Amino acid sequence: MKELKTHKIQCTPQRVAILSLLKASQVPLTINEIESQIDSSINLSTIYRSLELFEKHNLITKTKLQEPLQTIYQFNDKSHSHHLICTKCQKIIVIEECPLHTYEEQVASESGFLIEYHQLDLYGLCPKCQSHDS
């Protein structure tokens with residue numbers, strides 16, 4: 001797998017499987033989702049170590065959500081995105097467009113603060129969960 005070779009990371013079958021899963025996924029995945037979708041012979045500690053290594057080499061992004069309190073992992077395709085998170089079913093939808101760039105520049109200009117990055121996660125009920133509550 002070229003991403004691993006580029007970063008001089010040993011290409012083990014486990015690492016290839018984990019990174020391939022994240023690369024193919026349209027949405028970020030939790031550790032439980034990764035574990036359930038990956039070969040059952042790969043133990044949880046190997047998954048965690050691989051994710052830590054991938055994050056260190058900027059191959060994936062790791063985002064800590066507030067509600068529910070969990071971490072999601074996503075292949076770093078160098079695009080900037082945010083998330084809609086359903087507080088009932090935990091469905092995650094990626095928002096591709098970022099409305100914050102102009103605001104971020106304004107805040108940086110006014111405060112003199114060097115902003116490195118921002119994160120926007122919107123929490124609420126997805127349409128399916130709204131219809132179940134009605």
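Reader: Let's start with Thr63: buried or exposed?

Author: Thr63 is buried in this predicted model. Its relative accessible area is 10%, and the cut-off for buried is under 20%.

Reader: Which element is Thr63 in?

Author: Thr63 is found in strand 2.

Reader: And what is Thr63 in contact with, leaving aside its neighbours within four places in sequence?

Author: Thr63 is in contact with Gln70, Thr71 and Ile72, and also with His83, Gln119 and Asp121.

Reader: Nice. How does strand 2 pair with strand 3?

Author: They pair in the antiparallel sense, over 6 bridges. A hairpin of 4 residues joins strand 2 to strand 3. Within that pairing, Lys62 has Tyr73 as its bridge partner in strand 3, and Thr61 stands opposite Gln74.

Reader: What is the strand order in the sheet with antiparallel pairing?

Author: The order is 1-3-2, in an open sheet of 3 strands. Strand 1 and strand 2 stand at the edges with a single partner strand each, so one side of each has no neighbour in the sheet.

Reader: Which helices pack on that sheet?

Author: Helix 2 packs on the sheet and touches strand 1, strand 2 and strand 3. The direction of helix 2 makes about 85° with that of strand 3. Helix 4 packs on the sheet too, touching strand 2 and strand 3, and its direction makes about 110° with that of strand 2.

Reader: How many bridges are there between strand 1 and strand 3?

Author: There are 2 bridges, and the pairing is antiparallel. Strand 1 covers residues 29–30, and Leu29 stands opposite Tyr73 in strand 3.

Reader: What about Pro28, where is that found?

Author: Pro28 is found in the loop between helix 2 and strand 1. Pro28 is buried, with a relative accessible area of 2%.

Reader: What is Pro28 in contact with, again leaving aside neighbours within four places in sequence?

Author: The contacts of Pro28 are Glu33, Ile72, Tyr73, Gln74, His83, Ile92 and Val94.

Reader: Switching to helix 4. How many residues does it have?

Author: Helix 4 has 13 residues, 44–56. From its first C-alpha to its last it reaches 18 Å, close to the 18 Å expected at 1.5 Å a residue.

Reader: Which residues of helix 4 are buried?

Author: They are Thr46, Ile47, Ser50, Leu51 and Phe54. Seen down the axis of helix 4, the buried residues fall within an arc of 130°, so they line one face of the helix.

Reader: Why would residues three or four places apart point the same way?

Author: An α-helix has 3.6 residues a turn, so residues at that spacing point the same way.

Reader: Which exposed residues are on the face turned away from the buried side of helix 4?

Author: That face carries Arg49, Glu52 and Lys56.

Reader: And what covers the buried residues of helix 4?

Author: The cover includes helix 1 (2–6), helix 2 (13–24) and helix 3 (31–37). Strand 2 (60–65) and strand 3 (70–75) are also included.

Reader: Which residue with positive phi follows helix 4?

Author: Asn58 follows helix 4, and its phi is near 65°.

Reader: How many salt bridges turn up in a search of the whole structure?

Author: The search finds 1 salt bridge. Lys23 forms a salt bridge with Glu3, and their closest N and O atoms are 2.5 Å apart. The pair links distant parts of the chain, with Lys23 in helix 2 and Glu3 in helix 1, 20 residues apart.

Reader: Is Glu3 buried or exposed?

Author: Glu3 is buried, with a relative accessible area of 11%. Lys23 counts as partly exposed, at 38% relative accessibility.

Reader: Last topic: what is the strand order in the sheet with mixed pairing?

Author: The order is 5-4-6, in an open sheet of 3 strands. Strand 5 (92–95) and strand 6 (121–124) stand at the edges, each with a single partner strand, so one side of each is left without a neighbour in the sheet. The twist averages 20° from one strand to the next.

Reader: How do strand 4 and strand 6 run?

Author: Strand 4 (residues 82–86) and strand 6 run parallel, joined by 4 bridges. Ile85 stands opposite Tyr123 in strand 6.

Terms used
Residues numbered from 1 in each chain as written. Predicted model: local features only at pLDDT ≥ 70, side-chain atom pairs only at ≥ 80, totals over all residues. Heavy atoms only, no water. Expected span 1.5 Å × (residues − 1). Buried < 20%, exposed > 50% of the residue type's maximum accessible area, 1.4 Å probe, protein only. Arc of directions from axis to C-beta. Contact = heavy atoms within 4.5 Å. Pairing = 2+ DSSP bridges. Axes fitted to C-alpha atoms, helices over the stretch in contact; angles between N-to-C directions. Salt bridge = Lys/Arg side-chain N within 4 Å of Asp/Glu carboxyl O.
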